[in-house]
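Below are numbered notes for someone meeting this structure for the first time. Please read them with the model open.

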2 protein chains.
Amino acid sequence: MREVARQAGVSVATVSRALNASGPVGEETRRRILETAERLRYVPNRTARNLKRVATETIGVLLPDLYGGFYSEVIRGAERAARAARYHTLLASAHDGLPELVRALRTLVGRVDGLVVMSPDIEADVLRKNLPPGLPVVVLGGAVAGHGSVAIDNAAAAEAVTRHLAGLGHRRIALVSGPAPNADARARRDGYRRALAEADLAPDPVLELAGDFTEASGRAAAASFLALSPRPTALFCANDAMAVGALQALRDAGLRVPADVALAGFDDIPLARYVTPALTTAHVPIDEMGSQAIDAVLRAVRGDAPAPPAVTLPTRLVVRESCGARL
Amino acid sequence: MREVARQAGVSVATVSRALNASGPVGEETRRRILETAERLRYVPNRTARNLKRVATETIGVLLPDLYGGFYSEVIRGAERAARAARYHTLLASAHDGLPELVRALRTLVGRVDGLVVMSPDIEADVLRKNLPPGLPVVVLGGAVAGHGSVAIDNAAAAEAVTRHLAGLGHRRIALVSGPAPNADARARRDGYRRALAEADLAPDPVLELAGDFTEASGRAAAASFLALSPRPTALFCANDAMAVGALQALRDAGLRVPADVALAGFDDIPLARYVTPALTTAHVPIDEMGSQAIDAVLRAVRGDAPAPPAVTLPTRLVVRESCGARL
DNA sequence: ACACTCGCTGTAACCGATTACAGTCGGCTC
DNA sequence: GAGCCGACTGTAATCGGTTACAGCGAGTGT
């Protein structure tokens, strides 16, 4: 910048004003400055600008993982919203749980104007301890006191799926639930139980199979499912990845879906509509969760709102083929 | 930081040294500083540090789009490699072609230490004009003079797929190619033609259907395919997204794959193995392209190498069910 | 002719860290 | 006991922009 100023015969202040149109600059002077900058291929150093402006024009997006259709959709939605607002998206993931989460949080500070965090069972304390007070944070998929959140009603959605299965005449409906400590997983299980009670079906612990939201665990759970006697006629997986795994395992075992076993998932990841049979599932507006989270952060960043709100996005049952419902 | 220094009764220099372990600090002093920083919840401002260090510890990843399995994989690979090196990933996308590409390029400058760019037909000129000289850049999927690149041998891979089809006895093999100006698309078409020639099959312009790499265009191309008379017995789509679209359209038209029509794709996106029948396709190590691109940029950033190299990653034919080959 | 306004431009402070350099102090050597 | 060394700490320059403030000349009103 100094060099541009020198060659254009003006001061750096004038160069800055000319390039940002942030103050009065003589027509002739402006032209000369622009031309010189162009010739020198000068592009202002964003870091320096950010330091002075106390704003980075970027929002951090911290996810537990990047694998699978779910996170991809979140990222896509987030980037779309950020781009629309001329903000950037700084991506981070924390695979190894708390230690890496803390590390990621701390390295993000000062680089971002706000943060979207998704992490199973994130705690208010972790956030408070590792982030400067006042940094707008929106938690994805779980409310944390003092921060905004974008979530869905997991229990209601799971209840709707289970009710659908019951409505189709199934009396023994198994569940593959998510990892025990996970709040989403618990809520979905609760919804499942509620629907059973509602349909006057006795809850049965053996019907609740353990899973951890991975495709492999869905496959494993399907094996346990097959060992159940009498075998349940329906299987509800607490997310689509597990449902896809279960679908493969069931097929490998020679069972037809939905003729022999009705199968349902949760999330409606893009893949859900492509498998055969297409998966009946609870539709979660995943990309919208990403974009709304960004929007909420941005409102707080820009001071339009005191603090990001807690929003709950609607889900809906998507009936496809895997449950055998007449379409 | 000043506040921490004040409360701990030392200078900011000592605070900096204590927090970064970058110089000798008395045991007692260090303890007091750390404790004070903790109490004040002080986290150093990364922007300031970056300004002084002339490094941002982040690599920009600029993609044409974020939709679909392909880009998700690139992102995943890139983030993985960046995280391993303790770098961050700044995500950007340029949907609207050149204008937005230029804008993105310019806003990225000064925020990143290096750049991974993927864009159909990116030109050396655009890069040169909008980026400061010396910024390490790696182009994904197409070489640009003066920059590193990570690509695959599109023609060879397409040739292998086509040869596989020919080897299965197909004599009329149609192609759904990508958008005409796209270099990848052209190379794949060339490979297809080469394989035909190799198998002594006459090239026929009507067998080359237009597509644009989207699922919808695959569906549309399948319609044209069905109108061909006599109908070819095999359909090679220049990417998996189009193959998936074609698969749906063929099925909707009452045709069985592979019994009535052999279908092949290109890329091996995650979805390819999940559709029924699973897609025979050219496997492209997508996530590895992302990670290798980051690695190449990092080597340049760290000065281990003068400039990022041009690497070509191996592809391989993945035979699944959609072509009817005995497995 | 003088005071004032207004448009343009320059000087220098500042953002929040890092770090070169210099200074202090206790302990050792001879 | 003087000289030195090394460990520790502080002062201040610096990174590359932005911007408050001041200066300056030309035009305007009276």
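1. Domain bounds here come from an automatic or database domain assignment. On that basis chain A is split into domain 1 (2–39), domain 2 (58–152 + 286–314) and domain 3 (154–284 + 317–323). The model is predicted: local features need pLDDT of at least 70, side-chain atom pairs count only at pLDDT 80 or more, and totals for chains, interfaces and linings use all residues. Residues are numbered from 1 along each chain as its sequence is written, while chains are lettered from A and ligands numbered from 1 in the order in which they are written.

2. Overall form of chain A. The C-alpha trace of chain A spans about 90 × 40 × 30 Å along its principal axes. Its radius of gyration (taken over C-alpha atoms) is 26 Å, whereas a compact globule of 327 residues would have one near 20 Å. That globule rule is 2.2 Å times the number of residues to the power 0.38. Of the 327 residues of chain A, 52% count as buried. A residue is buried if 20 or more other C-beta atoms lie within 10 Å of its own, exposed if 12 or fewer, and partly exposed in between, with C-beta atoms placed from the backbone.

3. Secondary structure and contacts. Chain A has twelve helices and twelve strands. Helices (H or I, at least four residues) and strands (E, at least two) are DSSP runs, numbered from the N terminus. Two residues are in contact if their C-beta atoms, placed from the backbone, lie within 7 Å. Among contacts in chain A between residues at least 6 apart in sequence, 70% join residues at least 24 apart.

4. Domains 2 and 3. The C-alpha centres of domain 2 and domain 3 of chain A are 29 Å apart. Ten residues of domain 2 of chain A contact twelve residues of domain 3 of chain A. On the domain 2 side, helix 5 (residues 69–84) of chain A gives the most, with three residues. The residues of that side divide into four nonpolar, four polar and two charged. Here Ala, Val, Leu, Ile, Met, Phe, Trp, Tyr, Cys and Pro count as nonpolar, Asp, Glu, Lys and Arg as charged, and the others, Gly among them, as polar.

5. A residue is near a molecule or strand if its C-beta atom, placed from the backbone, lies within 6 Å of it. DNA strand C is surrounded by 27 residues, the closest being Ala13(A), Pro24(A), Met1(B), Ala13(B) and Ser16(B). The surface near DNA strand D divides into 13 nonpolar, nine polar and five charged residues.

6. Chains A and B. Which strand of chain A gives the most to the side that touches chain B? The contact takes 35 residues from chain A and 34 residues from chain B, and strand 2 of chain A gives the most to the chain A side, with six residues. That side holds 17 nonpolar, ten polar and eight charged residues. Strand 2 of chain A and strand 2 (residues 88–93) of chain B run antiparallel and are joined by three bridges. Thr89(A) has Leu91(B) as its bridge partner. Two strands pair if DSSP finds at least two bridges between them.

7. Asp113(A). This residue sits in the loop between helix 6 (98–108) and strand 3 (114–117) of chain A. Why does Asp113(A) count as buried? Asp113(A) is buried because 21 other C-beta atoms lie within 10 Å. Beyond its neighbours within four places in sequence, Asp113(A) contacts Ala55(A), Thr56(A), Glu57(A), Thr58(A), Ile59(A) and Val301(A).

8. Strands 3 and 4. Strand 3 and strand 4 of chain A run parallel, joined by three bridges, and Val117(A) stands opposite Val139(A). From strand 4 (residues 137–140), Val137(A) and Val139(A) point one way and Val138(A) and Leu140(A) the other, and all are buried.

9. The six-stranded sheet. Chain A has an open sheet of six strands in the order 7-6-8-9-10-12, with mixed pairing. Strand 7 (208–209) and strand 12 (316–318) of chain A are at the edges with a single partner strand each, so one side of each has no neighbour in the sheet. Within chain A, strand 8 (residues 234–237) and strand 9 (residues 262–267) run parallel and share three bridges, with Phe236(A) partnered by Ala264(A).
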